[in-house]
Amino acid sequence: MPLDFDALSNWDFEEIEQTLTERDTILYALGLGFGEDPTDKKELAYVYEDGLKAVPSMAVILGYPGFWLRDPKTGVNWQKVLHGEQWLDIYKPLPTHARLVGRSKIDFIADKGEGKGAVIYQSRDIIDADSGEKLARVAMSAFCRGDGGFGGENQAGPAPAVLPDRAPDHICDIDTLPRQALIYRLSGDFNPLHADPDVARSVGFDRPILHGLATYGLAARAILKTLLDYDSARLVGLDVRFSAPVYPGETVRFEIWEEDGEARFRASIPARDVVVLNNGAARFA
Ligand SMILES: C/C=C/C(=O)SCCNC(=O)CCNC(=O)[C@H](O)C(C)(C)COP(=O)(O)OP(=O)(O)OC[C@H]1O[C@@H](n2cnc3c(N)ncnc32)[C@H](O)[C@@H]1OP(=O)(O)O
């Protein structure tokens with residue numbers, strides 16, 4: 001069954017109500033490997049209830065509508081979907097516990113052509129249910145590798161950030177654990193691609209891959225550590241393009257540039273010499 005453009009364009013997302021607990025906030029940070037140096041109190045603040053802080057990138061798991069592309073009514077070949085890009089703007093520092101609401105919508109769908117894929121752009125507002133304040137806007141593109149050539153337009157998404165043409169100002173290596181995806185998924189993304197070797201093999205991967213959003217959270221970790229002295233309130237925007245999958249257990253190298261009061265970055269796997277995150281941009285308060 002081909003991608004159903006009309007059904008997708010008019011997709012009626014349920015409003016997601018979520019009670020975020022400190023336990024959820026800690027579990028998210030553990031899924032990104034925070035607490036690696038338990039003697040570093042600034043890092044520990046993300047995984048310890050006494051003075052707990054939320055990792056700003058946690059916004060991407062809040063008010064999450066689930067892996068809705070799996071619904072047969074979309075017509076999408078869901079096993080072949082990869083996370084293409086992620087954008088985030090934070091308007092208020094994230095709480096560590098709160099009642100929240102997530103409101104999602106489809107922005108547009110681009111047809112990259114037969115054999116290439118379709119890209120679905122969607123976004124979500126995260127709202128504090130008690131104050132009614134908008135805390136963050138989260139947007140993403142889903143690259144549907146099996147659904148190109150459905151007769152749509154190739155509408156361009158937001159232009160990816162350009163990296164400076166010079167050596168990076170900072171390098172930050174982050175080790176992941178072989179069980180990293182198995183921890184990260186407990187924050188709400190249960191796509192079997194990240195846990196089940198048979199599902200991973202059926203769509204062309206040797207073994208389960210790390211969630212794109214886990215790699216994205218590693219970027220937040222690298223920026224907080226390298227540039228912000230772990231001050232969560234300063235990180236107010238984080239955009240990336242996913243260029244290749246990461247396998248749990250790999251070491252991810254972040255190359256970071258300071259540019260116009262912002263940061264630009266990319267991430268690679270030195271052991272395989274492959275760039276996994278590209279066109280990264282981080283914005284600061
Ligand atoms: C449910 C899954 C969850 C996950 O978390 S999966 C893990 C995280 N995600 C990934 O690992 C994805 C890594 N990225 C890739 O594997 C590849 O990268 C893509 C398959 C997404 C695209 O690769 P290719 O088809 O070779 O791209 P091209 O030939 O360079 O460009 C074709 C068109 O697609 C646009 N494009 C390229 N990369 C992306 C991207 N990452 N997100 C959205 N669009 C992309 C380009 O601009 C261009 O467009 P134009 O034809 O109009 O010029």
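Which polar backbone atom lies 2.8 Å from a nitrogen atom of the ligand? The atom belongs to F242. The views below come from a predicted model.

**View 1. The ligand and its surroundings.** The ligand has 22 residues around it. K112, K116, N154, G212 and F242 are the closest. A polar backbone atom of F242 sits 2.8 Å from a ligand nitrogen. On its own, the ligand exposes 1,000 Å². The protein buries 70% of that area.

**View 2. Ligand oxygen atoms beside K112 and G212.** K112 uses its side chain here: an N or O atom in it is 2.9 Å from an oxygen atom of the ligand. G212 uses its backbone: an N or O atom there lies 2.7 Å from an oxygen atom of the ligand. Both K112 and G212 are listed among the closest residues to the ligand.

**View 3. L228 in its loop.** L228 lies between α6 (212-227) and β7 (235-242), in the loop that links them. Its relative accessibility is 4%, so L228 counts as buried. The cut-off for buried is under 20%. Leaving out residues up to four places away in sequence, L228 touches I223, R234, L235 and F284.

**View 4. L228 and D125.** These two residues are 103 positions apart in sequence. In space, their C-alpha atoms are 25 Å apart.

Notes:
Residues numbered from 1 in each chain as written. Predicted model: local features only at pLDDT ≥ 70, side-chain atom pairs only at ≥ 80, totals over all residues. Heavy atoms only, no water. Helix = DSSP H or I, 4+ residues; strand = E, 2+ residues; numbered from the N terminus. Buried < 20%, exposed > 50% of the residue type's maximum accessible area, 1.4 Å probe, protein only. Contact = heavy atoms within 4.5 Å. Near = heavy atom within 4 Å. Polar contact = N/O pair within 3.5 Å; in protein donor to acceptor, adjacent residues only side chain to side chain. Areas by Shrake-Rupley, 256 points an atom, 1.4 Å probe, with all protein chains shown as cover.
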